[in-house]
Amino acid sequence: MAEQAIVQIKNLSKTIGNKKIIKNLSLELHKGEITGFLGPNGAGKTTTIRMMVGLMRPTEGEVWIDGQSVQANFEGSIRKVGVIVENPEMYKYMSGYKNLLHFSRMHKDVSKGRIDEVVKQVGMQNRINEKVSSYSLGMRQRLGLAQALLHDPKFLILDEPTNGLDPAGIREFRIYLQKIARESGVAIFVSSHLLSEIELLCDRIAIIQNGELIDIKNVNELQQSRYYIQAEPLELVGEVLTGAGFPTALHDKGYLIDSGAEHIPGAINLLVGAGARIFTVQPYRETLEAQFLEMTGGGEIAQAHTE
């Protein structure tokens, strides 16, 4: 029997005025899994997140977190949630440790031992007693992550968590998130516009457009079995590949063929036997950005609505 999802979003809808902003959205988020949440501007990402954490009441449907309904038992369900929205705000005149001590008082049963644990988890042992004003943006993000983890949540929501970070900071933050998901079994939900980073970070990707969930993909599904072959003469190459039953498409100065690696040597042998000159044979996959733009029609901004 499959393990119950940490988060269950069931037929979630939101109507504002006479416009349906979110339309029957259903999604499950599982322990130890990082799910990316993508969509064009105005697609409904922020509205969905607000309903997930009880800041906006759905018109229809329900959100369950660790077996408790957000709508029916807000306090009980939200105790299991940690949130980071863009750049976390901290008391800059206080040390990182005192910030965590202050935030720990907002939760029940967060011991000093737990503070030490999350400090180690995000790798801040050497700087935690220094003032936040001396921290880089990347260190403040790590402190924000420690704050979100203080009460040992089962579900972590991140909205544009790497805004403003340099490439090294983004990579570092990604490593910590993946470590937390795997080692602590936290379900992580990330909304971001950095598609290349989402592709590296996440296990699954959910895409929303005009308030509807249009696709959910495992990241390994993005790595399709396609190969690029550049060879001449081009017309002959097309005829040989098509005649051998390989689905082909012209691409750049060659052909993309839909085939697993085990069939590529046979295709090459056929081309050589037909007299073709082969220059390049390599695996090919479209980036998440290209697939996202294809699925969403180029990322067109949805019709405006009032929230």
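The largest pocket in this predicted model has a volume of about 790 Å³. Val-81, Gly-82, Val-83, His-107 and His-151 are the closest to its centre, out of 29 lining residues. A pocket here is an open set of points on a 1 Å grid over the protein atoms alone, with protein on both sides within 12 Å along at least five of seven lines; a cavity is a set where a 1.4 Å probe fits but cannot get out; lining residues have an atom within 4 Å of a point. Grid points are joined across faces, edges and corners, and a volume is the space filled by probe spheres set on the points.

Residues are numbered from 1 along each chain as its sequence is written, and side-chain values use heavy atoms, with hydrogens and water left out. Local features need pLDDT of at least 70 and side-chain atom pairs count only at pLDDT 80 or more, while totals for chains, interfaces and linings use all residues.

The chain holds 10 helices and 14 strands. These are DSSP runs, numbered from the N terminus: helices are H or I with at least four residues, strands E with at least two. Of the 307 residues, 47% count as buried. Buried means under 20% relative accessible area, exposed over 50%, and partly exposed in between (1.4 Å probe, protein chains only). Among contacts with a separation of 6 or more, 68% join residues 24 or more positions apart. A contact means heavy atoms within 4.5 Å.

Several elements build the pocket lining. At least two residues each come from α1 (45-52), α2 (74-78), β6 (81-85), α5 (137-149) and β7 (155-159). Strand β6 gives the most, with 5 residues. By class, the lining has 16 nonpolar, 6 polar and 7 charged residues. Nonpolar covers Ala, Val, Leu, Ile, Met, Phe, Trp, Tyr, Cys and Pro; charged covers Asp, Glu, Lys and Arg; the others, Gly among them, are polar.

Ile-49 lies in α1 and is buried, with a relative accessible area of 11%. Beyond its neighbours within four places in sequence, Ile-49 contacts Ile-157, Asp-159, Phe-189 and Ser-191. Ile-49 and Leu-158 are 109 residues apart in sequence, yet their C-alpha atoms are 9.6 Å apart. Helix α5 is mostly covered, with 10 of its 13 residues buried. Among them are Met-139, Leu-143 and Leu-149. Their cover includes β6, α3 (96-104), α4 (112-121), β7 and α6 (167-184). At 1.5 Å a residue, α5 should span 18 Å, and its end C-alpha atoms are 18 Å apart, which agrees. The expected span is 1.5 Å times one less than the number of residues.

The count of cavities of 30 Å³ or more comes to 1. The largest cavity holds about 60 Å³ of space. Helices α6 and α7 (195-201) are the elements that give two or more residues to its lining. That lining has 6 nonpolar, 2 polar and 2 charged residues.

Helix α9 (residues 264-273) has Ile-264, Ala-267 and Leu-271 buried. Seen down the axis, the buried residues of α9 fall within an arc of 60 degrees, so they line one face. The arc is that of the directions from the helix axis to the C-beta atoms. These residues pack against β11 (226-232), α8 (234-243), β13 (254-258) and β14 (277-284). The face turned away from the buried side carries exposed Asn-269, Val-272 and Gly-273. Just after α9, Gly-275 takes a positive phi of about 95 degrees.
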